[in-house]
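Subject: Structure handover

Hello,

Here is the structure for your files. My notes follow below it.

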Amino acid sequence: MPLVASPAPRRALVVVNPTAGTARTPLVDEVIERCRARLARVTVHRTAHRGDATGTVRAALAAGGEGPDLVVAVGGDGTVREVVQALVAAPPRARAAALAVVPAGTGNSDYRMLWGKAPWQESLEATLRAVPGRAERRRIDVGQLAETGALVLLGACSGLIAEGLVAARSIAVAGRERYARALPQAAAGFRPYPGRVTVDGRVLHEGATVLANVGGGRYRGGQYLILPRSELDDGLLDVCVVGAQVAAADVPELARAGVLHHRPGVVHGRGRRVVVERLDGRPLCFEHDGELQPRTWTSMTVQVLAGVLPVWGAATKEVTRVHTPPALPLGGLAAT
């Protein structure tokens, strides 16, 4: 059966974060040149402060049929998050605009979630031309924190991954290397916390907890495979809980090698509403999309917003090319 192309974009808003780690002039110029060679209209905005990308995209979408049908985020994961906030909040008539990502930050986990390891030049060109079998316009799921209303794109996590962000504050290098150093440092002194994870009202895990990750993207920190079977557009949140049977010090290398999910004590679930709790009354250490949350709550709830974010990404068969064992039932290894 021949592949059916998504309609090619015609009007783009290119949002550039000039302070992003690799958003140098040659890269930005090449992005703009490629867009102008393929599209009828291209508008460029260079952000000046935090929140500027959200406001700019929101204003552009307010133009309705004259607004962009493609928003190209040139920057890191923070820039992408700001663009996503505007796209998800747009009224239905303005939701024709889809996100494209050009990775110009230091972590670029959002880009990997959508395109794997493809060079950005290839992914952008495939998007602009809407090449069947290479680029696909999809509507993907986003999570939302019930306590704050914040959107969750890549994932949210308690325990070790959140503690890794705390450790990263004292490390001078940037990007993935910073977190690659911080996570083992946090793991060395980590003590599992008493926790419970509930998925759609059913207890998935209760007991000593190393981390509970909810998402979203299969990888965290751009390099740690936590949710190997997660699909971006199935209307469900995937959950991985690592119990104390796995030593915290082993988690970084097991996740980097892509074998964490094989270990006893690691359980998986899938659902629409996930509650992550700490049971000793102390505040939960929790993050989403690399942003630490205030230690205000003993529990955090993530609920799915199904299909609310239009994106351009690799054709599904390409982005899901990860070797994994057969899916486990809700409750994971504990249920077998």
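Leu309 touches Val84, Leu87, Val88, Arg138, Arg139, Ile140, Val142 and Leu153, leaving out residues up to four places away in sequence. Contact here means heavy atoms within 4.5 Å.

This is a predicted model: local features need pLDDT of at least 70, side-chain atom pairs count only at pLDDT 80 or more, and totals for chains, interfaces and linings use all residues. Residues are numbered from 1 along each chain as its sequence is written, and side-chain values use heavy atoms, without hydrogens and water.

Leu309 also belongs to the largest nonpolar core, which has 57 residues. A nonpolar core is a set of buried Ala, Val, Leu, Ile, Met, Phe, Trp, Tyr and Cys residues joined through side-chain atoms within 4.5 Å. Buried means under 20% relative accessible area, with a 1.4 Å probe and protein chains only. Helix H3 (residues 77-89) gives this core its largest share, 6 residues. Helices are DSSP runs of H or I, at least four residues; strands are E runs, at least two; both are numbered from the N terminus.

Now Asp141. It sits in strand S5 (residues 135-145). Asp141 is buried but has no salt bridge (a side-chain nitrogen of Lys or Arg within 4 Å of a carboxyl oxygen of Asp or Glu). The nearest side chain of opposite charge, Arg138, is 8.1 Å away. The Asp141 side chain does reach the backbone nitrogen of Gly307, at 2.9 Å.

Overall, the protein chain has 9 helices and 17 strands. Of its 336 residues, 55% count as buried.

Best wishes

Notes:
Buried < 20%, exposed > 50% of the residue type's maximum accessible area, 1.4 Å probe, protein only. Lys, Arg positive; Asp, Glu negative; His and termini not counted. Polar contact = N/O pair within 3.5 Å; in protein donor to acceptor, adjacent residues only side chain to side chain.
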